[in-house]
Amino acid sequence: MGKKRRKKRKVSKNKYYLAAALISLLVIIILVVRFLTDPYHRYLIWGIDVSAHTGTIEWEKVKEQRVNFAFIKATEGATLRDETFRRNIAQAQKVGIPVGAYHFFNFNRSGKQQAQNYLSAIDGLNLELPPVVDVEEWGNVIRRPKKEIIKDIRAFIRLVEEKTKTKVLIYTNKDTYKWYIKDEFLENDIWICSFDHTPKIEKPWTFWQYHHEGRLDGVEGKVDYNVFYGNSIEWKHYLINKKR
């Protein structure tokens, strides 16, 4: 009788180990499927973009979460300055996070005046990432013809590139890209916003913003998640060669 009990215990343990192995295999399969179905997991260089709306940021904690870069809002329109811009730039660079500054473009303001606002805000800074103009219909009241808006975007880009000696990176979404950017700014890299799938635009993108509701330790509010199209070697090359 004792031997039978021991045999039953042994069979029971074998079933336990088999069940544990099957569960482990299932977890691995789920992780692999998640990796393959969430395209942004394929990209090694990952970063965020923030503004005053993000709230207080503890950049040391952000760095610990393997954030590779940060785009920080500098200006909007012809006069607005982001009150947290300089502080965020200084603290992010202090912990070794490469940074860039972006401007939210106002469709009803002079492109030249907006460029002057932006250039004044970044004056004296040594930024690792190119200047960015955020062009999107969201947040804009459009009261002018398309050709006039494009003319002002071009004026902004021309002046910023002239002063910084760096090509401007254009942030936009799929609809605004097709309407204002696609056939007009062929020499500028694109930072595309797309939440439903990998961006499908005619031109290869350089950055992809894929999430607006991100959370990080040390950050008071929500942050946007982004990836860079390239590996770590290409990323280092991009940082070194962002100048024209």
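The exercises below, each with a worked solution, concern a predicted model of a protein.

**Exercise 1. The protein as a whole**

Task: State how many helices and strands the protein has, and what share of its residues is buried.

Solution: 
- Begin with the secondary structure, which comes to seven helices and nine strands.
- Next take burial: of the 244 residues in the protein, 45% are buried.
- Last, look at contacts with a separation of 6 or more: 64% of them join residues 24 or more positions apart.

**Exercise 2. Thr 166 and Thr 164**

Task: Decide whether Thr 166 is buried or exposed, and find which backbone oxygen its side chain reaches.

Solution: 
- Locate Thr 166 first: it sits in the loop that runs from α5 to β6 (169-173).
- The cut-off for a buried residue is under 20% relative accessible area. Thr 166 has 2% relative accessibility, so it counts as buried.
- The side chain of Thr 166 reaches the backbone oxygen of Thr 164 at 3.1 Å.
- Now move to Thr 164, which is placed in helix α5. Its relative accessibility is 18%, and therefore Thr 164 also counts as buried.
- The side chain of Thr 164 has a polar atom 2.7 Å from the backbone oxygen of Val 160.
- Finally, compare sequence with space: Thr 166 and Leu 129 are 37 residues apart along the chain, and their C-alpha atoms are separated by 9.4 Å.

**Exercise 3. A buried charge**

Task: Find which side chain of opposite charge is nearest to Glu 136, and how far away it is.

Solution: 
- Glu 136 belongs to the loop between β5 (132-134) and α5 (146-164).
- The nearest side chain of opposite charge is that of Lys 73, at 8.6 Å.
- A salt bridge requires the side-chain nitrogen and the carboxyl oxygen to be within 4 Å. Glu 136 has no salt bridge, yet it is buried.
- To see what surrounds Glu 136, set aside its neighbours within four places in sequence. The residues in contact with it are then Phe 104, Phe 107, Tyr 171, Asn 173 and Thr 176.

Terms used
Residues are numbered from 1 along each chain as its sequence is written. This is a predicted model: local features need pLDDT of at least 70, side-chain atom pairs count only at pLDDT 80 or more; totals for chains, interfaces and linings use all residues. Side-chain values use heavy atoms; hydrogens and water are left out. Helices (H or I, at least four residues) and strands (E, at least two) are DSSP runs, numbered from the N terminus. Buried means under 20% relative accessible area, exposed over 50%, partly exposed in between (1.4 Å probe, protein chains only). Lys and Arg count as positive and Asp and Glu as negative; His and the chain ends are not counted. Contact means heavy atoms within 4.5 Å. A polar contact is a pair of N or O atoms within 3.5 Å; within protein, one must be able to donate a hydrogen and the other to accept it, and residues adjacent in sequence count only if both atoms are side-chain atoms.
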